[in-house]
Amino acid sequence: MFNAKPKFSKASKMPCRSWSLQALDTCPASIGTDGELVDACKGCYATDGNYRFSNVKAPRLHNRDDWKQADWVDAMIAELDNDRYFRWFDSGDMYSLKLAEKIYDVMVATPWTRHWLPTRMHKFAKFADILAKMEALPNVVVRLSSDSINGDIIAGNTTSTIIPTISHRKPKMTICEAYEREGKCATCRSCWDKDVEVVAYVAHGRKMAKQIKDLITTVEVV
């Protein structure tokens with residue numbers, strides 16, 4: 001019997017389960033050099049809608065302490081026994097290097113599971129080694145997140161960015177088409193595909209819509 005009891009979420013669009021933390025509270029890379037939230041995080045979907053409800057927050061708050069349990073890695077491995085796809089962090093980020101190392105141990109021990117880990121922690125040098133080890137695993141895609149909502153592409157083997165509209169698509173981008181399917185992935189697995197270099201998400205959600213509107217207004221004024 002494990003002391004650790006991982007709690008999972010299942011976002012409506014996703015074809016799999018996810019292990020997550022509370023948005024922004026566990027996202028040190030959401031703060032830019034000016035001390036303000038970066039553009040992509042100002043419109044974070046995980047701070048609006050159903051994510052505001054206490055029952056949705058509960059597992060994320062639970063996980064903040066649960067991962068520190070000595071047997072958490074073993075508990076996660078046991079839980080993923082039948083999972084063929086898995087997403088880390090539909091909200092939050094791996095704010096701790098010790099957490100990142102434990103996640104790596106889970107990835108190594110579950111080769112039957114294809115792991116997708118979106119993160120901004122690449123902005124901190126101390127995470128470089130563990131991210132490289134994760135990326136080297138054949139069953140893992142670490143997708144480095146851009147702070148941009150205007151389609152800026154960052155360096156990396158597998159990355160992601162946000163674009164205001166489909167017309168902002170660039171040649172290197174693979175568009176997440178969930179926006180055409182009521183927010184659902186359906187059969188698409190591009191985010192888990194090491195051959196997909198850049199996934200571009202078309203801006204969606206009420207808070208993001210305001211960010212895009214402000215961006216367009218600023219560009220027009222300039």
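In this predicted model, the largest nonpolar core contains 30 residues. Those with the most contacts inside this core are W19, W72, W88, M94, L99, I103 and M134.

**Nonpolar cores**

- Beyond its neighbours within four places in sequence, W19 contacts P6, K7, F8, N63, W67, W72, M76, F86, R87, W88, F89 and L99.

**Packing of α3 and α4**

- Helix α3 (residues 72-79) and helix α4 (residues 97-109) have axes that come within 9 Å and cross at roughly 40°.
- The crossing of α3 past α4 is right-handed.
- On the α3 side, W72, V73, M76 and I77 make the contact, while α4 contributes L99, K102, I103, D105, V106 and A109.
- Classified by residue type, this contact of α3 with α4 comprises 8 nonpolar and 2 charged residues, with no polar ones.

- T26 is located in the loop between β1 (17-19) and α1 (39-42).
- The relative accessible area of T26 is 1%, under the 20% cut-off, and T26 therefore counts as buried.
- A polar atom of the T26 side chain lies 2.8 Å from the backbone oxygen of Q22.
- Not counting residues up to four places away in sequence, T26 touches L21, R64, G92, D93 and Y95.

Notes. Residues are numbered from 1 along each chain as its sequence is written. This is a predicted model: local features need pLDDT of at least 70, side-chain atom pairs count only at pLDDT 80 or more; totals for chains, interfaces and linings use all residues. Side-chain values use heavy atoms; hydrogens and water are left out. Axes are lines fitted to C-alpha atoms, for helices over the stretch in contact, and angles run from 0 to 180 degrees between N-to-C directions. Helices (H or I, at least four residues) and strands (E, at least two) are DSSP runs, numbered from the N terminus. A crossing is left-handed if the near helix is turned anticlockwise from the far one by less than a right angle, and right-handed if clockwise. Contact means heavy atoms within 4.5 Å. Ala, Val, Leu, Ile, Met, Phe, Trp, Tyr, Cys and Pro count as nonpolar, Asp, Glu, Lys and Arg as charged, and the others, Gly among them, as polar. Buried means under 20% relative accessible area, exposed over 50%, partly exposed in between (1.4 Å probe, protein chains only). A polar contact is a pair of N or O atoms within 3.5 Å; within protein, one must be able to donate a hydrogen and the other to accept it, and residues adjacent in sequence count only if both atoms are side-chain atoms. A nonpolar core is a set of buried Ala, Val, Leu, Ile, Met, Phe, Trp, Tyr and Cys residues joined through side-chain atoms within 4.5 Å.
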